[in-house]
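Student: Can we go through this one together? I'd like to start with the charged pairs and then look at a helix.

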Amino acid sequence: MPLFSPIVCFGYSLVHNNQILGESMKRKLVPDVVKSQELILVPEDTSVATVSKMMADKNIGAVLVVDHGALIGIVTERDLNNKVLSKDLDPSSVEVGAVMTRNPDSLPPDADAVDALKLMHDKHYRHLPITQGKRAVGIVSIRDLFKVAYEHLMAERAEA
């Protein structure tokens, strides 16, 4: 398997099958919540400065860290703030491997959105990796789940 370059970006689109279960659609992480996204994957020797710039350029709050395609960690805005900036460390000399959350919790693409919301609520996560086996295939944010909840509540209001 080839080694990753310092920054690896995968763009993909996911097709939604519109399967209806009973009166409401059962929301799966993929493709009901995460329909398409540009997934940013980096090796753990990537500098915090590089990752921070990527996050700012893409307007995202987390990046997944991989080793030969396997998810090994996640680095978030909180990690950058609490483990680098607040300690006056030089972001260009710190690697994400030193500040990432190793072996993060994750869910498979066919997990229910409610399962993701519960895990994120219980553990105070704002981002949760989506994995197929050990391979990172997506990331769901609390904002993604908020949108689904909002749409559901608005649909209920319209029916009332």
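**Salt bridges and a helix**

Tutor: Glutamate 44 and arginine 102 are joined by a salt bridge between their side chains, 2.8 Å from N to O. A salt bridge here is a side-chain nitrogen of Lys or Arg within 4 Å of a carboxyl oxygen of Asp or Glu. This is a predicted model, in which local features need pLDDT of at least 70 and side-chain atom pairs count only at pLDDT 80 or more, while totals for chains, interfaces and linings use all residues. Residues are numbered from 1 along each chain as its sequence is written, and side-chain values use heavy atoms, with hydrogens and water left out.

Student: Where do glutamate 44 and arginine 102 lie in the chain?

Tutor: Glutamate 44 is in the loop between β2 (36–42) and α2 (48–58), and arginine 102 is in strand β5. They are 58 residues apart, so the pair links distant parts of the chain. Helices (H or I, at least four residues) and strands (E, at least two) are DSSP runs, numbered from the N terminus.

Student: How many salt bridges does the rule give?

Tutor: The count is 7. Another of them pairs aspartate 112 with lysine 28, with the closest N and O atoms 2.9 Å apart. Aspartate 112 is in the loop between β5 (101–102) and α4, and lysine 28 is in the loop between β1 (8–13) and α1, 84 residues away. Aspartate 112 counts as buried at 19% relative accessibility, while lysine 28 is partly exposed at 25%.

Student: And which helix holds both lysine 83 and aspartate 79?

Tutor: Both are in helix α3 (residues 77–83), 4 residues apart, about one turn of the helix. Lysine 83 is partly exposed at 31%, and aspartate 79 is buried at 8%.

Student: New topic. Which residues of α4 are buried?

Tutor: In α4 (residues 113–123), the buried ones are Ala113, Ala116, Leu119 and Met120. Seen down the helix axis, they fall within an arc of 130°, so they line one face of α4. The arc is that of the directions from the helix axis to the C-beta atoms.

Student: Why would residues a few places apart point the same way?

Tutor: An α-helix has 3.6 residues a turn, so residues three or four places apart point the same way.

Student: What is on the other side of α4?

Tutor: Val114, Lys118 and His121 are there, and they are exposed.

Student: And what covers the buried residues of α4?

Tutor: The cover includes α1 (29–33), β6 (127–132), β7 (135–141) and α5 (142–159). Contact means heavy atoms within 4.5 Å.

Student: How do β6 and β7 run?

Tutor: They run antiparallel, joined by 6 bridges. Two strands pair if DSSP finds at least two bridges between them. Leucine 128, for one, has valine 140 in β7 as its bridge partner. The two strands form a hairpin with 2 residues between them, and glycine 133 in the turn has a positive phi of about 65°. In β7, 5 of the 7 residues are buried, so this strand is largely enclosed by the rest of the structure.

Conventions:
Buried < 20%, exposed > 50% of the residue type's maximum accessible area, 1.4 Å probe, protein only.
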